[in-house]
Amino acid sequence: MNIRIGQGFDVHAFGDGDHVVLGGVRIAHDRGVLAHSDGDVVIHALCDAMLGALALGDIGQHFPPSDPQWKGADSRAFLRRCNELIGERGWRVGNADVTVVCERPKVGPHAPAMRGLLAGDLGIDIDAVSIKATTSEKLGFTGRGEGIAAQAVVLLVGR
């Protein structure tokens, strides 16, 4: 079997706002994120993992923050495009595993919705997408509530 593994990481600082977007799901929160797009750390980490598995660079190369067309963009468009890029090269996502690191907002109640959206955008079964969350035990920037991070690992399978 022809396989590739990729990993991705993304972080955004909190700023003014009343929600965050994680895995395509809008979650009410007392802060927003500072970002050029919607700042979805789940999808950004997942895109980097997919691109990295095939040595295609990173999300910033494909969707640069210097390009005004990505201002406020829905990150699900990034994910669908990354999925097209790997598909054009004969690959598909076998499974994806994402961990969100933050003290707040609570991720668990929204994980099923995130899994469903991500699976749909990737064209894979929902049981091939994992969303987990952890805190950093009040350590570091996530522990102090200054921002949010996500780490993703994907397995790509050659067609």
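Arg104 is partly exposed, at 45% relative accessibility. That class covers values between buried (under 20% relative accessible area) and exposed (over 50%), with a 1.4 Å probe and protein chains only. The model is predicted: local features need pLDDT of at least 70, side-chain atom pairs count only at pLDDT 80 or more, and totals for chains, interfaces and linings use all residues. Residues are numbered from 1 along each chain as its sequence is written, and side-chain values use heavy atoms, leaving out hydrogens and water.

Side chains of opposite charge can pair when their charged atoms come close. A salt bridge is defined here as a side-chain nitrogen of Lys or Arg within 4 Å of a carboxyl oxygen of Asp or Glu. The count by this rule is ten salt bridges.

Arg104 pairs with Asp30 in one of them, at 3.0 Å from N to O. Arg104 sits in the loop between strand S5 (91-101) and helix H4 (111-122), and Asp30 in the loop between strand S3 (25-28) and strand S4 (32-33), so the bridge ties together parts 74 residues apart in sequence. Helices (H or I, at least four residues) and strands (E, at least two) are DSSP runs, numbered from the N terminus.

A salt bridge also joins Lys132 and Asp97, with the closest N and O atoms 2.5 Å apart. Lys132 belongs to strand S6 (residues 129-134) and Asp97 to strand S5, so this pair links parts 35 residues apart in sequence. Lys132 is partly exposed at 34%. Asp97 is partly exposed at 30%.

Within it, the closest N and O atoms of Arg81 and Glu88 are 3.4 Å apart. Arg81 is partly exposed at 31%, whereas Glu88 is exposed at 56%.
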